[in-house]
Amino acid sequence: MSALNGFSQHSGACVTQSTGGGAVQDLQAKKAGKAAKKEASGNGVLTFEDPRRVDTSLNETIKLLPDELKANMKIKSVTPRPPRKPRLERAASLDEKNWRRWRRFRTSQESLTDPNETSSSNGSLQEASLSPPVRGRATPCSQCCEPNSLHSSPDASEASPMGKSRGSTSDLGKRASEISSAFGGLLRGKAFAGSKPRLSQIMPARPLPPMELNVASHTLRTANRIDSDFMDYRHYSQHKFGRVSSSLSDTRLHGNGMVYDNCSTDSMKSTFSLLTPIRSKDVRSRSYLEGSLLANGALLGAEELSRYFPDRNIGIFVATWNMQGQKELPVNLDDFLLPTDPDYAQDMYVIGVQEGCPDRREWEIRLQETLGPHYVMLYSAAHGVLYMSVFIRRDLIWFCSEVEYATVTTRIVSQIKTKGALGICFTFFGTSFLFITSHFTSGDSKVNERKLDYNKTIQALTLPKNVPDTNPYRSSSSDVTTRFDEVFWFGDFNFRLNKDRETVDSILNQNPETGVSKLLAYDQLTSEMSRGSIFKGFQEADIRFRPSYKFDIGKDSYDTTSKQRTPSYTDRVVFRSRYRDDIHAVKYSSCPVIKTSDHRPVFALFRVKVRPGRDNIPLAAGQFDRELYLIGIKRRITRDLQNRRVQKDQKSSSICSIS
């Protein structure tokens with residue numbers, strides 16, 4: 001009958017045995033008063049209802065009990081003493097309150113997930129779901145009806161004489177234990193109905209698949225990175241400001257199950273924004289004019305480079321297009337500059353144009369309008385109708401050196417600047433870049449003339465001028481491409497296919513996908529590069545697009561005039577690196593949407609490794625074409641407003657057109 005004794009003790013001040021006499025009733029009433037007084041002095045939350053309501057709800061509840069238990073029970077109301085005044089304590093700060101609230105939440109979660117915890121609300125809900133419903137409001141005795149009292153009360157067997165008289169009825173004791181646990185669960189579930197539910201965590205039946213933490217791109221992921229020398233900023237700001245991101249603490253991120261890393265968590269703990277915090281003493285001590293590769297705080301050093309590019313790779317977009325001198329520009333350049341294949345935009349855009357449009361400024365404005373406010377034009381240069389524009393993300397202009405350029409004319413008459421080369425060079429952190437756009441001699445059979453144009457360019461292009469060479473021991477005075485770490489050469493090289501028009505058309509029409517590889521077997525540039533007679537040390541990505549020359553303007557068909565020129569890969573992008581595997585080609589394709597010229601634009605996407613550098617180079621000091629930036633952004637806004645107005649007019653129009 002130990003279980004039945006526990007049930008008597010479990011009922012506390014509300015239920016007493018009729019066979020125990022008045023002394024037992026007085027003893028239990030005193031215990032109930034002490035428990036209520038203790039509960040009231042603890043948190044001041046316990047309240048008592050009218051004794052008549054208590055009797056009514058208990059009478060309705062006891063109707064569900066077996067008949068043999070009803071005969072030994074009667075209801076007695078209890079009037080507890082008023083609670084004592086709460087003790088005064090020190091006022092807690094907001095951080096302490098948040099910490100205590102989290103601590104209570106974590107404790108409740110641990111009790112919910114513990115299978116051995118008998119007093120958890122999860123267990124009560126499970127027990128209550130198996131028992132019949134109880135009508136009426138919860139009584140105050142539910143506060144003391146804990147299942148733990150079935151096991152933790154040493155006086156249970158002594159306080160109830162019923163345990164001695166009915167010790168042989170084991171079945172009755174077992175049923176009483178089950179009913180008492182269900183009864184306590186029901187009362188406790190009713191008592192806590194007004195508070196927030198505390199349910200156990202739902203665990204998946206199978207382990208979740210692995211997920212990569214770095215879900216952003218290599219370049220955009222760096223927005224949540226913080227320098228190693230600022231890792232103590234959290235303690236400093238807590239001491240200085242008192243509150244630092246109390247709503248975004250590590251524990252809450254853990255509790256919510258967010259995917260994060262230490263860098264992203266630290267960046268969110270900035271006091272004012274997501275930008276990397278900079279301390280005043282660092283601003284005083286850092287040198288931005290001179291330093292070395294290992295100097296602490298060098299502007300172009302390893303720490304600053306890792307801060308923006310943790311993997312030390314940047315994305316570069318290189319494009320070439322022979323515009324055929326057309327005055328008309330494409331309506332939209334998004335498909336050209338912002339292809340949909342990569343998810344993210346690149347860090348640097350370099351566009352070379354041959355036979356450019358008459359209005360060069362208008363072309364640059366269109367480029368700025370397309371790239372938007374995140375990019376600025378670092379530099380632009382021209383050599384006759386050869387144009388080159390370099391755009392870079394505006395938060396990276398501080399790490400660029402002064403930009404230098406040089407030109408070479410390959411025509412016999414130097415005044416005619418339709419054929420030649422234009423080179424632009426600068427240093428980004430510790431890596432030097434050279435971009436060359438060229439327009440070689442045209443003609444199907446003039447391969448030697450084109451090789452002469454190449455040799456003249458690498459010898460006559462006088463770069464760099466003031467910017468120091470990053471590795472002078474590996475440079476050559478007779479080849480400009482050896483004086484830079486990364487070289488990109490692109491343009492209209494005018495190399496053709498050594499095959500007649502009929503054969504080329506039949507290959508393209510039979511199988512456009514595999515026909516490209518067959519055409520490259522007749523490509524002049526591919527054969528000359530394999531011999532080493534041109535573009536020594538250069539590479540080219542695999543070509544998987546149709547020939548970019550020669551199309552009928554505004555159409556997708558190749559030359560239908562009387563000349564019947566053979567389609568060829570005249571527009572190319574090649575690259576060379578001073579260090580092995582520094583340049584990785586991501587994409588190499590053409591843009592068939594733009595049809596304003598007989599050439600299709602050709603572009604390539606690269607991942608380029610960048611190294612830290614010294615602060616002994618002449619910096620550009622954040623210079624860019626501000627006037628062009630403002631004009632491009634204003635045009636972009638005006639275009640968006642016009643599109644919205646057109647869409648609004650179309651929706652409000654009541655005229656239907658049938659096509």
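This is a short walk through one predicted protein model, starting with the whole chain and then turning to one of its sheets.

Before the details, please keep in mind that this is a predicted model, in which local features need pLDDT of at least 70 and side-chain atom pairs count only at pLDDT 80 or more, while totals for chains, interfaces and linings use all residues. Residues are numbered from 1 along each chain as its sequence is written, and side-chain values use heavy atoms, with hydrogens and water left out.

The protein chain has 22 helices and 13 strands, these being DSSP runs numbered from the N terminus, with helices (H or I) of at least four residues and strands (E) of at least two. Of its 659 residues, 43% count as buried, where buried means under 20% relative accessible area with a 1.4 Å probe, protein chains only.

Let me turn now to the sheet. Five strands make up an open sheet of mixed pairing, in the order S7-S8-S9-S10-S11, and two strands pair if DSSP finds at least two bridges between them. The edges are strand S7 (404–409) and strand S11 (571–577), each of which pairs on one side only. S7 and strand S8 (residues 420–428) run antiparallel and are joined by six bridges, and within this pair alanine 406 stands opposite glycine 423 in S8.

Finally, helix H18 (residues 447–460) packs on the sheet, where it touches S7, S8, strand S9 (431–439) and strand S10 (486–492); contact here means heavy atoms within 4.5 Å.

Definitions and conventions: Axes are lines fitted to C-alpha atoms, for helices over the stretch in contact, and angles run from 0 to 180 degrees between N-to-C directions. Buried means under 20% relative accessible area, exposed over 50%, partly exposed in between (1.4 Å probe, protein chains only).
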